[in-house]
Amino acid sequence: MQRSTGPSAGRATPRTAQANDHRPASAGITRTPNVRLRTCREERGWSQERLASEIRRFSVIHEGREAGVTGNMICKWEKGDKKPSLRYQRLLRALFERSSAELGFVDDDPSTGLPAHASGADKASREIVPAGTLLLQAAEADAGLHNALPVERRGFLRLFAAAGGVAVVPLGMGGDDAPWERLSAALRRRTTVTPELADELSRCTAGLYGLEERVPARALFPRVTGHLGTLTQLLESSGRSPVRRDLASTAGETAALAGWLAFDMNDVPSALAYYRVAIEAAREADDSALWACVLGYESYHSAGIGRHDQACALLAEAQRRAATGSTVMTKAWLAGREAEEQAARGEGRAALAALDRAQDAFDRADDGDRVWTQFFDRGRLDGIKVTTYTRLRRPAAAHAAATEALRATTPHSGTKKRSLLLGDIAEVHIQRREIEAATQYATESLAIVAATDFSLGLTRVRRVREHLRPWQQTQAVRDLDEQLRALT
């Protein structure tokens, strides 16, 4: 699910940066992109300019002096052209609540491929202490949260309001209940939250959806559940708020993403539990589009166990709920999913009708996206066409759709949806008895699967291999078998 997120960049004009922040890397040293820093930024849904603005604001609040950081400096840090000074490393650690290793400031140990141990000074330097320690002040006296909580002793999410203040929210507090159980209980309570905080939390959820397309589920899942814990804590601890509905909707979107990641990790019970609480959130928020999204996600599980009839039933209900209050792109995605499942059932007429509805809705989509449909672009729609036509045994139409899909996608993008597309194109070439081409596309798909640990993509490649059984003695298929064995 590929999405672009992030608010507009801040307009504050910084002072000239300190000289030691512009030192180039030593000559002869390979520039290694700082993927960890970029990931932390994208997780918040921030642009490079927005991160620079947040650092400047954070520095003024907590150090009492300005920081001359710009979006261009962030870009160079992420590209590996330059490394942040010790001061900026300290600010970034406190802002993101990450260690030097987690932010990519510590080089990996070449013998293990893992981050080298940070120095003893790293832990101490994570603390940014202004004139007084930043404390949490609860809004409701009867909530029992007036006790001040030191920031560095809790996993806090710092959220900056437009006026320049800081809202601090506790993470990970509570009992041993499962995350979906805590959220379910919180949804039944009356809570309060400011519009600024709700907007920031929503952007964070959007950033997490954006990362899903290229980050392995096991790596992203703790961040998503941590964010869900923040949302749950707000729902549990605040009073009645006019923006509670927005907060419940954001919590539901986050729970839906957690369910999708659990499904990708083959943890079906947890996936279904997250889906159920996401629907509970959709019910409270009166968010029919979110409800439709969850049913769309759940249809993949039904399809995966061969229950294509059940998948179609889920998608029919999803489209009924999406009829009002949903973006056109949501309708396009759900119609496309129905086309795939109807084709799997052998219902050609229903599949083609659904495909026509998907194309029509996509062509009319100009009303913006929800977080779960930002991945749904022209290439993904063409990929659905490839799947549908292949299942209907229409190789000519499938080949034409595959050609368009390859034109619409970025080569070597390494996204999970591209692994699905390449697997489907391999099926097209099998139907055309072009075995060399089929194994080539399957191999490319498998490379993405290996990098992203994408279970749905692996299932697709394994299905391709089953269809290559008549040619299993050829060298191309043997090579594919070797790569499958190496991966599994």
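The side chains of glutamate 43 and arginine 223 are joined by a polar contact of 3.5 Å in this predicted model. Glutamate 43 belongs to helix α1, which spans residues 35-43. With a relative accessibility of 9%, glutamate 43 is classed as buried, because the cut-off for that class is under 20%. Leaving aside residues up to four places away in sequence, glutamate 43 touches Arg98, Cys204, Gly207, Leu208, Leu211 and Arg223. One of these neighbours, cysteine 204, is itself buried, at 7% relative accessibility.

Helix α1 also meets helix α3, which covers residues 71-79. A pair of packed helices is described by the angle between the axes and by the distance between them. Here the axes of α1 and α3 come within 7 Å and cross at roughly 130°. The arrangement of α1 relative to α3 is therefore oblique, because an angle has to be over 145 degrees to count as roughly antiparallel and within 65 to 115 to count as roughly perpendicular. On the α1 side the contacts involve Leu37, Arg38 and Arg41, and on the α3 side Ile74, Trp77 and Glu78.

Cysteine 75 is partly exposed, with a relative accessibility of 22%, whereas cysteine 204 is buried. A search for disulfides across the whole structure finds zero.

Backbone geometry draws attention to two loop residues. Most residues other than glycine have a negative phi. Asparagine 266, which is not a glycine, has a positive phi of about 65°. Its place is the loop between α9 (244-264) and α10 (268-285). Asparagine 266 counts as exposed, because its relative accessibility of 60% lies over the 50% cut-off. Aspartate 453 also has a positive phi, near 55°, and is found in the loop between α18 (435-452) and α19 (455-467). At 41% relative accessibility, aspartate 453 is partly exposed.

These details sit within a protein chain of 488 residues, of which 53% are buried. The chain contains 20 helices and two strands. Among its contacts with a separation of 6 or more, 69% are between residues 24 or more positions apart.

Definitions and conventions. Residues numbered from 1 in each chain as written. Predicted model: local features only at pLDDT ≥ 70, side-chain atom pairs only at ≥ 80, totals over all residues. Heavy atoms only, no water. Helix = DSSP H or I, 4+ residues; strand = E, 2+ residues; numbered from the N terminus. Buried < 20%, exposed > 50% of the residue type's maximum accessible area, 1.4 Å probe, protein only. Contact = heavy atoms within 4.5 Å. Disulfide = S-S within 2.5 Å. Polar contact = N/O pair within 3.5 Å; in protein donor to acceptor, adjacent residues only side chain to side chain. Axes fitted to C-alpha atoms, helices over the stretch in contact; angles between N-to-C directions. Parallel < 35°, antiparallel > 145°, perpendicular 65-115°, else oblique.
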